[in-house]
Amino acid sequence: MSQGFRPAEQARGGLHVLLGRPDRHREIIAMDPDDDPDSLRSLAGEVAAASRPTWLTVPTNQPEAVETIARDAGLELRDERESLMSSHLHRHPRRSAPPPYTCITTVDGPVVETVVRHPRSGVAARGAMAVVGADAIADRIETVPDHRRRGLGRVVMSSLAEHAAAHGATTGILIATADGQQLYSALGWTRHATVLIAQCLS
């Protein structure tokens with residue numbers, strides 16, 4: 001939603017999202033893979049049979065079993081495992097932009113976007129959250145390489161959390177890379193599951 005995509009369709013044990021990208025036409029997020037492996041096998045088969053590049057995203061506490069199901073279906077697994085994390089937004093630590101950086105946050109409908117700028121080099125860090133009821137899903141959190149290790153990721157997350165909470169969200173949700181998990185853990189986010197991504201490259 002934070003990138004303007006259509007709302008996900010819930011069907012066949014997964015959330016189906018049409019992205020329309022050349023390398024990622026569609027994504028299916030498995031909803032209950034650990035308790036319903038047969039549903040996961042069905043989704044993996046659906047992804048394997050897709051005529052356009054499709055991703056299967058699986059949050060799980062049984063990653064080895066999920067990997068076996070994905071490979072048996074003929075899917076290719078991404079090397080990096082990611083993590084599903086959440087946070088209580090009202091308790092999220094606050095952090096202001098250090099001089100000479102400035103932080104601007106805008107709200108467009110359900111989407112909150114924060115941009116941190118440097119007076120000479122422009123955008124230094126940015127991120128977004130989509131507010132869906134009491135949840136806020138973080139997306140596209142990034143810091144430009146030349147501006148890393150200056151706490152700007154903390155500034156972005158602080159502003160997003162504050163504004164999402166002001167618009168009714170209580171829980172933040174995100175999928176973190178291994179590097180990102182270190183930042184989010186330091187900010188009080190809790191890890192809940194491993195996230196595996198398998199691809200059909202048709």
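Which side chains meet in a salt bridge at 3.0 Å, N to O? The side chains of Arg81 and Glu67 do.

The structure is a predicted model, in which local features need pLDDT of at least 70 and side-chain atom pairs count only at pLDDT 80 or more, while totals for chains, interfaces and linings use all residues. Residues are numbered from 1 along each chain as its sequence is written, and side-chain values use heavy atoms, with hydrogens and water left out.

A salt bridge here is a side-chain nitrogen of Lys or Arg within 4 Å of a carboxyl oxygen of Asp or Glu. Under this rule there are nine salt bridges, including the following.

| Salt bridge | N to O distance |
|---|---|
| Glu27 and Arg24 | 2.3 Å |
| Arg81 and Glu67 | 3.0 Å |
| Glu113 and Arg126 | 3.5 Å |

Burial is assigned by relative accessible area with a 1.4 Å probe and protein chains only: buried is under 20%, exposed is over 50%, and partly exposed lies in between. Glu27 and Arg24 are both buried.

The side chains of Arg81 and Glu67 form a salt bridge. This pair links distant parts of the chain, 14 residues apart: Arg81 is in the loop between β5 (76-77) and β6 (82-88), and Glu67 is in helix α2 (residues 63-72). Helices (H or I, at least four residues) and strands (E, at least two) are DSSP runs, numbered from the N terminus. Arg81 is partly exposed at 34% relative accessibility, whereas Glu67 is buried at 18% relative accessible area.

The side chains of Glu113 and Arg126 also meet in a salt bridge. Glu113 lies in strand β8 (residues 111-118) and Arg126 in strand β9 (residues 122-132), so the pair ties together parts 13 residues apart in sequence. Glu113 is partly exposed at 26% relative accessibility, and Arg126 is partly exposed at 30%.
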